[in-house]
Amino acid sequence: MPGQFRRRLVSRIMTAATVLAAVLAVVPLLLIFGDLVAKGVSSVNWDFFVNSPAAPGEPGGGVANAIVGTLIIVGLGALAGLPVGIGAGIYLAEYGTNRFSWIVRFVADVLNGTPSIVVGIFAWTWMVKPMGHFSALAGGVALALLMIPMVTRTTEEMVRLVPHSLTEAALALGYSRWRTSLGIAVRTAWPGIMTGALVAVARIAGETAPLLFTALGNLNFRLDILQPMQTLSLQIYVYATGPFEEWHRLAWGAALVLMALVLVFGLAARYATRARFSHGR
Amino acid sequence: MAAERPIRLRTEFLSAYFNGNTAVRHVTLGFPVNSVTAIIGPSGCGKSTYLRCLNRMHELSEGAAISGRVLLDEHDIYAPEVNPVELRRRVGMVFQRPTPFPTMSIFDNVAAGLRVNGGQKRRDVAALVERALQRAGLWDEVQDRLQKSALALSGGQQQRLCVARAIAPEPEVLLLDEPTASLDPAGTVRIEDLVQDLSQEFTVVIVTHNLQQAARVSEYTAFFYLGELIEYGLTEEMFTNPNDPRTDAYITGRFG
């Protein structure tokens, strides 16, 4: 039967095409990761984690200041960005039929598409300039501004995915509106909301452009959030574009650490917020 | 007919609208204390909409409105001083598809309506949950896995769990909106037996498109057609000797 032969052939070709696409999607990622490990692993040792950068041109030195700075600045961004983003997302999902919501949604979408360097300029204009100096706090604000629209939209999507029948069942049981929203809709959507929040945190952890003229960077170990501070991304930028062979090596190491940090954080947060009941227990 | 028994819940000229379109028209009907009343009729006859007016769920839909009165123990539930949230604790409801809360354990599902009422001591909650599960005929099956997910239960068990959840706060009226529509025959039988048991303590109103079910579980039947109440009476009389030719046509399977 020629028809059947043709159908099988088309099926084979399409299956092969999707497999090929999946391989193409994964290969560059593996190459990047492999390259990072190959070139960065030699720099990563105990000194690398506990030392701040050595003077330019001198051997040794590490990224301790950048690791701590990344945690602080990303932490500040998440602290400010997550509650606002999640709250706004819940509002849009539960009460988002009015004109105000339409505007919020539109602004969030525009902000989502705004280049991060523009957000950096904004933070520079409104924080660095009035304060008179660069600071980790300004960097955290810039990252928060980047996070908010992302988290808002993913939270809204996740809460909207909760079946209407569940919220209806809660209301029929005598739940008030807000209790239905928080106790049923948001609670059911929580693992998804956290996944969205994680993706946003991971993305801002790697941001460099908005930090260039907010947190600025710092070759020394600093904990004062009102002063310039180093992050791994800024360190990679400075080291990779610097003239010293030693710096290039450290840049690879810093990149590896940044990626590992995001990975570890992601796994930990996913474990902590996993759905209480996995299927079929 | 059965006008002698005290009426728990009744409607007077109740009409329900969606965006100006009439879904239920001038329905006057009463539900006697501790009885099962079945509401039957073809799809789109307004029976579910009517049911949703009885616990003020109808008004949550976009563009929904009602006219007429609904009286629970002779008090108008649409009076301005009535809080619909509190009303729904007195008029429980079970839906077509089982709706266990996926983030809660079996125990917490049944306790949900109790906790939302407030004022219950922890030990009391445990006792009330057990009692509700007993009455829903689910206790023996779940007593050793109360802290497990409700989603692990079968569809029929989930629906009985929803019944337990609805009766735990001791409502006066229990509304069932095609509660067996998504169940297999075995699950259906268990729910039907349960409905009859429940009528000892609650006033039950069940919407069904299954005529045999109406005949099996209900004492009274109301036949709706095109949003209007066509006929109401003792189930036995209606199924053997209907007054209205439209009722006759429907129950003999000539339409709907």
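Trainee: Which residue in strand 4 of chain B does B:Thr11 stand opposite?

Mentor: Please bear in mind that this is a predicted model. Strand 1 of chain B covers residues 7-18 and strand 4 of chain B covers residues 64-72, and the two pair in the antiparallel sense over eight bridges. In strand 4 of chain B, the residue opposite B:Thr11 is B:Val70.

Trainee: In what order do the four strands of the open sheet in chain B lie?

Mentor: The pairing in this sheet is antiparallel. Strands 1 and 4 of chain B pair with each other, and they stand side by side in the order 2-1-4-5.

Trainee: Which strands of that sheet in chain B stand at the edges?

Mentor: An edge strand has a single partner strand, so one side of it is left without a neighbour in the sheet. The order 2-1-4-5 belongs to an open sheet. The edges are therefore strand 2 (21-32) and strand 5 (75-76) of chain B.

Trainee: What radius of gyration does chain B have, and why does it agree with a compact globule?

Mentor: Chain B has 10 helices and 10 strands, and its C-alpha atoms fill a box of roughly 55 × 45 × 35 Å along the principal axes. For 256 residues, a compact globule would have a radius of gyration near 18 Å, and chain B agrees because its own value is 18 Å.

Trainee: Which elements give two or more residues to the side of chain B that touches chain A?

Mentor: The contact takes 24 residues from chain B and 17 residues from chain A. On the side of chain B, the residues divide into 12 nonpolar, six polar and six charged. The elements that give two or more are helix 2 (84-90) and helix 3 (106-117) of chain B.

Trainee: What distance separates the centres of domain 1 and domain 2 of chain A?

Mentor: Chain A is divided into domain 1 (2-40) and domain 2 (48-272). Their contact takes four residues from domain 1 of chain A and five residues from domain 2 of chain A. The residues from domain 1 of chain A divide into two nonpolar, one polar and one charged. Taken over C-alpha atoms, the centres of the two domains of chain A are separated by 32 Å.

Terms used
Residues numbered from 1 in each chain as written. Chains lettered and ligands numbered in written order. Predicted model: local features only at pLDDT ≥ 70, side-chain atom pairs only at ≥ 80, totals over all residues. Rg over C-alpha atoms; globule rule 2.2 N^0.38 Å. Pairing = 2+ DSSP bridges. Domains from an automatic or database assignment. Contact = placed C-beta atoms within 7 Å. Nonpolar A, V, L, I, M, F, W, Y, C, P; charged D, E, K, R; others polar.
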